[in-house]
Each structure stands twice: as C-alpha cells, then as structure tokens.
Amino acid sequence: GNLIEAKSSARRENIRMAVGQLLDYAFMGKPKFGQPNKAILLPERPHHEIEDWLLSMEISVIWRERVVYLDNANRLFS
C-alpha cells in the first residue's frame, strides 16, 4: 500500500517533480491497487514549509539521518 518516489536532492524543483509523479502513479494504479500511502524519499529533510505543503496533499517525507531512515508519518515508512 505504499507508493514512494525517490529524488537525489531536496531542492524544490525535484520535489515538485516527485509530487507530479506520485499523483500520476496513484491515479493510474488506483483501480488495481486502491489508494496508496504516498511519500517522497529524500537525502535530507526538506524545509518545514515544503513539508507542510506536501502534508496538505497527504504526501509524507522519508529522509536519511545518519544510518537510519526517518519519516514524518509516524514511522509508516520506516
């Protein structure tokens, strides 16, 4: 039930691309897989304003912190 788009940078343009891809993939796969939990995998946590924007669209963030991966979805993706 998880749909994750990975990006190599937390720059805004990369995140905007990931949003479009997630929304498209979720729409196309909905008849077969239902509504997924959506997240973007990034090398670092994005700015809080970007994170808030993503959460408003029900898109979580996963990022690496030292040797573990964290998320802002109560460990749904960790």
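Two rings of Phe, Tyr or Trp count as a pair if their centres lie within 6.5 Å, using the six-membered ring for Trp. I went through the model, which is a predicted one, with that rule in hand. My count came to zero aromatic pairs.

**Entry: a ring with a charge over it**

I still wanted to know what W53 was doing. I found that R12 lies over the face of W53, at 5.4 Å from the ring centre.

**Entry: the sheet**

Next I traced the strands. I found an open sheet of four strands, in the order β1-β2-β3-β4, and the pairing is mixed. The edges are β1 (2-6) and β4 (68-71), since each of them pairs on one side only. From one strand to the next, the twist averages 30°.

I reminded myself that strands of a sheet pair through backbone hydrogen bonds, either parallel or antiparallel. Then I looked at one pairing up close. β1 and β2 (residues 37-42) run parallel, and five bridges join them. Across that pairing, I4 stands opposite A39 in β2.

**Entry: the helices on the sheet**

I looked up where the helices sit. Helix α1 (residues 12-33) lies across β1, β2 and β3, and runs at about 150° to β2. Helix α2 (residues 48-56) also packs on the sheet, where it touches β2 and β3. The direction of α2 makes about 140° with that of β3.

**Entry: the core**

Nonpolar side chains tend to be buried together in soluble globular proteins.

Leaving out residues up to four places away in sequence, L42 touches K7, S9, A10, I15, V61, I62, W63 and R64.

**Entry: S60**

Last stop was S60, which lies in strand β3 (residues 59-65). Is S60 buried or exposed? The cut-off for buried is under 20% relative accessible area. S60 has 10% relative accessibility, so S60 counts as buried. I also wrote down what S60 touches, again skipping residues up to four places away in sequence: K38, A39, I40, L55, N72, A73 and F77.

How values were computed:
Residues are numbered from 1 along each chain as its sequence is written. This is a predicted model: local features need pLDDT of at least 70, side-chain atom pairs count only at pLDDT 80 or more; totals for chains, interfaces and linings use all residues. Side-chain values use heavy atoms; hydrogens and water are left out. Helices (H or I, at least four residues) and strands (E, at least two) are DSSP runs, numbered from the N terminus. Buried means under 20% relative accessible area, exposed over 50%, partly exposed in between (1.4 Å probe, protein chains only). Contact means heavy atoms within 4.5 Å. Two strands pair if DSSP finds at least two bridges between them. Axes are lines fitted to C-alpha atoms, for helices over the stretch in contact, and angles run from 0 to 180 degrees between N-to-C directions. Rings of Phe, Tyr and Trp (its six-membered ring) pair if their centres lie within 6.5 Å; planes under 30 degrees apart count as stacked, over 60 as edge-to-face and the rest as tilted. A charge sits over a ring if NZ of Lys or CZ of Arg is within 6 Å of the ring centre and within 35 degrees of the ring normal.
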